[in-house]
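Hi everyone, thanks for having me. Have a look at the model on the screen, and I'll walk you through a few parts of it.

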Amino acid sequence: RANRHLVYSKVLKRAIERYGDFVEQTTGMRRPTKLEELMSFLDVEHALGFSDDGTVEGSGAQLLIRSLISDTLYRKQRQMSLPAQRLYTRFAAKLTASDYVLTLNYDTVLEEALARAQKSYRLFPARYKEVNAWGATYADGVPDEVPVIKLHGSIDWFDKKLFVDERKQWRASG
């Protein structure tokens, strides 16, 4: 799928070649690229400022890989069989507000199952009545929501900081 993207040859292929060169220079041998190792290499490269493409969220290669992973997960999620959907829905129906679901999954299968089971949920551990610079006050009572804690993130989470910053700059320039 990556090969079909226009930016593959300009961004991702170069990143894979850089990683391959790094592996060869540090180990003395050339070997197939492993996605997890490539992503770690790109993370370090970006954090150290060695990549000048992309944004504060990541290099062009990182952003492309994340997009491809998200797209793949979403497509596979849409292909989920009815028996598998029912299994998730039965699991979701049994959850209560006193349960905590900790997941490493990026997909939104559980959230969709909770919606089908008509269960309220939240993607954070607690609700607050007030938040300020010194801390927070918990909301009174226990809401009837199942806490779903996604430890690695989710395919539907986006950071709009870059957009907000750019909008401020454009407004300031008229």
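Okay, one term before we start: helices (H or I, at least four residues) and strands (E, at least two) are DSSP runs, and they're numbered from the N terminus. A word on the model too: it's predicted, so local features need pLDDT of at least 70, side-chain atom pairs count only at pLDDT 80 or more, and totals for chains, interfaces and linings use all residues. Residues are numbered from 1 along each chain as its sequence is written, and side-chain values use heavy atoms, with hydrogens and water left out.

Let's begin with Gln62, which sits in helix H3. Is Gln62 buried or exposed? Buried means under 20% relative accessible area, exposed means over 50%, and partly exposed is in between (1.4 Å probe, protein chains only). Gln62 counts as buried because its relative accessibility is 2%. And what does Gln62 touch? If contact means heavy atoms within 4.5 Å, then, leaving aside neighbours within four places in sequence, Gln62 is in contact with Met39, Leu42, Asp43 and His46. With Asp43 there's also a side-chain polar contact of 2.6 Å. That term means a pair of N or O atoms within 3.5 Å; within protein, one must be able to donate a hydrogen and the other to accept it, and residues adjacent in sequence count only if both atoms are side-chain atoms.

Now to the nonpolar cores. A nonpolar core is a set of buried Ala, Val, Leu, Ile, Met, Phe, Trp, Tyr and Cys residues joined through side-chain atoms within 4.5 Å. The largest one here has 14 residues, and Ala2, Leu12, Tyr19, Leu38, Leu42, Ala61 and Ile65 touch the most other members. Helices H1 (7–27), H2 (35–47) and H3 (60–78) each supply at least two residues of this core, and H1 gives the most, with five. Take Ile65: not counting residues up to four places away in sequence, Ile65 touches Leu12, Leu35, Leu38, Met39 and Leu42. Apart from that core lies another, of eight residues, including Ala92, Leu95, Val101 and Leu114.

On to the strands. Strands of a sheet pair through backbone hydrogen bonds, either parallel or antiparallel. Here, two strands pair if DSSP finds at least two bridges between them. There's an open sheet of three strands in the order S1-S5-S2, with parallel pairing. Its edge strands are S1 (101–103) and S2 (121–122), each pairing on one side only. Two bridges join S2 to S5 (residues 146–150), and Arg122 has Pro147 in S5 as its bridge partner.

Then we have S3 (residues 128–132) and S4 (residues 135–138), which pair in the antiparallel sense over four bridges. A hairpin of two residues joins S3 to S4. Which residue in S4 is the bridge partner of Tyr128? That's Tyr138.

What about their rings? Rings of Phe, Tyr and Trp (its six-membered ring) pair if their centres lie within 6.5 Å; planes under 30 degrees apart count as stacked, over 60 as edge-to-face and the rest as tilted. The whole structure has three aromatic pairs. Tyr128 and Tyr138 form a tilted one, 5.3 Å centre to centre with 35° between the planes. Tyr128 counts as partly exposed because its relative accessibility is 43%, while Tyr138 is exposed because its relative accessible area is 54%. Elsewhere, ring pairs link Tyr19, Phe22 and Phe41 into a cluster.
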